[in-house]
Amino acid sequence: LAKPIQLRHPFIFYVGHVAGFASIQVNQKALKKPPFAPAYDSIFERGLDPDVLDPSRCHDHSRIPTQWPTLAQIDEYVEKCHGEIFTNLDEVQKQNDSLSKWARDGRIHWLAIEHEMMHQETLMYMYLEMDSTFKSPPPTSQRAFLRSTSSSGGRDAKVIAIPAGKVQVGAHFDAIPFGWDNEFPAHDVDLPAFEVDDIPVTNEKFCEFVRCGAYEDKANWSEESWSWKTRTGRKHPQAWKQMDGDYYVKTLFNEDVSLKDFAGAWPAFVSFSEAQAYARWKGRRLMSEAEWCRAAYTSPSNDERKYPWGNEEPTKEHGNFNWANWAPTPAGSHPLGKSAWGVDDLIGDAWEWTSTPFAPYEGFEAMETYPGYSADFFVDENDYECAHYVLKGASFATAAQLVRPSFRNWFQGCYPYVWAKFRLANDL
């Protein structure tokens, strides 16, 4: 029942949610079968993402019980959910041609699989925030996991000029085996020239922002971000701790590592609000979603790539994702993952904030089996205070399956727990 992030459910919800959601999608939404455990479905179908600035505001979500079922009861529910899914594998195939296009050709199963992949990562955000007394580190020491990723300092970023040009954003529905509704349809964007740093902002660089007092300067923050910062008493990013006059970075297995001596070259994990404040301090900005895609997937010869490094399938040599490490790595430490423009670390270590509010592409069509997946979080043009912003790329805990050009992550600008980095850009 631990609830390390108060804006989320306790862990016990997720024990039943992943399997319950999968069963509901496959058996009820796709195959139109009646529920076998409606009371449990009403609890475990959907999580919650309340407004950070006003938690009383929240999208439609499952009922929150006054008392959660026991772990044994949830385990029994999960087993039945899995059983129903496997029992109906052949039925899904038989009914393929009559299914919604969102469920056809195996898409409904990919939906369930990718949903679980995403929760494996977001559960780690919660695990990081847990009291250490509840954690059981692996037998090998934390230092063994971190040794290859440690670095006390890093190099300065190089500015890369990217000329004006066109980029495809999003995907054509039939061009990929599965995509979430917000990834469609594909469309071209014409962009003016811009400049972008080849590496993300590091802990060392962000620490300069904090130590010099600029983090406490209201002029660097938007009105809503400053309100959030002051209300929460925030003095530094959520991923940091301050002890004995130094800053430390939290890691998964109970060990806080010195920013100065150990984690200075890691990308800084910050909220959008903090990233934007730093960029304003530097007189620069973040890339838009379309600019990020151009920096990642195009080339000086105008070829489009499947990945920043080319068309070779992702490996640990290309970036720190798919649990290649249990922590970030120093910025710029995966040269084989560079884009054709020479931009590093577009995939891996952390998701990357863009300046683009999460909104539908023109021609958007909601998924029939899960219509609120994206639509419930699209930006309200009349209310940017609780806006979600698009993130691209991947973190060290992101499954390789999700490393595709069209995949869009999104979080509220003031949500401080996501593993997200940023880099600086400017107009040319």
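The model is a predicted one, in which local features need pLDDT of at least 70 and side-chain atom pairs count only at pLDDT 80 or more, while totals for chains, interfaces and linings use all residues. Residues are numbered from 1 along each chain as its sequence is written, and side-chain values use heavy atoms, with hydrogens and water left out. The protein has eleven helices and twelve strands; helices (H or I, at least four residues) and strands (E, at least two) are DSSP runs, numbered from the N terminus.

**The whole protein**

- The C-alpha trace spans about 60 × 55 × 45 Å along its principal axes.
- A compact globule with 428 residues would have a radius of gyration near 22 Å, and the protein agrees with its 22 Å; the radius is taken over C-alpha atoms, and the globule rule is 2.2 Å times the number of residues to the power 0.38.
- Of the 428 residues, 58% count as buried, where buried means under 20% relative accessible area, exposed over 50%, and partly exposed in between (1.4 Å probe, protein chains only).
- Among contacts (heavy atoms within 4.5 Å) with a separation of 6 or more, 76% come from residues 24 or more positions apart.

**A three-stranded sheet**

- Look for an open, antiparallel sheet with its three strands in the order β5-β6-β7; two strands pair if DSSP finds at least two bridges between them.
- Strands β5 (240-243) and β7 (257-258) are at the edges, each with a single partner strand, so one side of each has no neighbour in the sheet.
- Four bridges join β5 to β6 (residues 246-249) in the antiparallel sense, and K241 stands opposite Y248 in β6.
- Helix α7 (residues 203-211) lies across β5 and β6, at about 140 degrees to β6; axes are lines fitted to C-alpha atoms, for helices over the stretch in contact, and angles run from 0 to 180 degrees between N-to-C directions.

- H109 sits in helix α5 (residues 107-129) and counts as buried because its relative accessibility is 19%.
- Leaving aside residues up to four places away in sequence, H109 touches V26, L89 and V92.
- S136 belongs to the loop between α5 and α6 (142-146), and its 62% relative accessibility makes it exposed.
- Although S136 and F253 are 117 residues apart in sequence, their C-alpha atoms are 7.6 Å apart in space.
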